[in-house]
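Work through the exercises below with the model open. Each task is followed by its solution.

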Amino acid sequence: MRYAQGGGLTPQGQVVRDRVRMLAADGLARGEKNTVIAKDLRVSVRSVERWRRAWREGGRQALRPSGPARRPKVGDREFDIREPLLMAGAVAQGWADERWTLARIRLLIADELAVSLSVRGVWELLRRQGWSRQQPARRAVERDEAAVAGWVKETWPRAKPPRRRSGHGWSSCEVPFECQWLHVSSVPSAGLA
């Protein structure tokens, strides 16, 4: 089984988790049902099903932890060499504005290191290197509050889709304008109290 960085558990928690899996292996060896093992160990049936598959393929050893998470694709040294590219800014790398997005950094890493990372992998890499997500501390000085308020009041209601009506929908009728409309509260209940 693999858990990144120990599954977020403390060393004591990891020991408890491993002990639970070994107790499950004992139950599997005795031929107990998944639901019984799950109830006894207070785990989900799905976890026991996953453990049973691993146990069938590799026995008790398959339920032991496989060690720490693998090494990252981009190491600290490789990142340190390319960090000046990020510090130079996105415009220096050919982008139209100065925003470094995860997708842009991902492309930069792919071009420079020929390594394909997911967007999540880029985020983990940056966080590991001490980078953080940045947001403006305050609104731009150029912001015109009156223009924003006018847009919200006038333009946005026309642009957004209409709300769905709550309640009953339309009723079909053979002859228009000659339908009888019943109010829901005026319909007698069918024996419900």
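**Exercise 1.** Find where helix α7 is kinked.

Solution. The kink in α7 is centred on Val-152 and is about 35 degrees. The bend at a residue is the angle between axes fitted to the seven residues ending there and the seven starting there. Helices are DSSP runs (H or I, at least four residues), numbered from the N terminus. Next, take the span. α7 covers residues 145-159, 15 residues in total. First C-alpha to last is 20 Å, close to the expected 21 Å. The expected span is 1.5 Å times one less than the number of residues.

This is a predicted model: local features need pLDDT of at least 70, side-chain atom pairs 80 or more, while totals for chains, interfaces and linings use all residues. Residues are numbered from 1 along each chain as its sequence is written, and side-chain values use heavy atoms, without hydrogens and water.

**Exercise 2.** State which residues of α1 meet α2.

Solution. Val-20, Leu-23, Ala-24, Gly-27 and Leu-28 of α1 touch Asn-34, Ile-37 and Leu-41 of α2 (contact: heavy atoms within 4.5 Å).

**Exercise 3.** Which residues have pLDDT under 50?

Solution. pLDDT is the predictor's confidence in each residue, from 0 to 100. It stays under 50 over residues 177-187. Where pLDDT is low, the predicted coordinates should not be read in detail. For the protein chain, the mean pLDDT is 79.

Technical notes: Helices (H or I, at least four residues) and strands (E, at least two) are DSSP runs, numbered from the N terminus.
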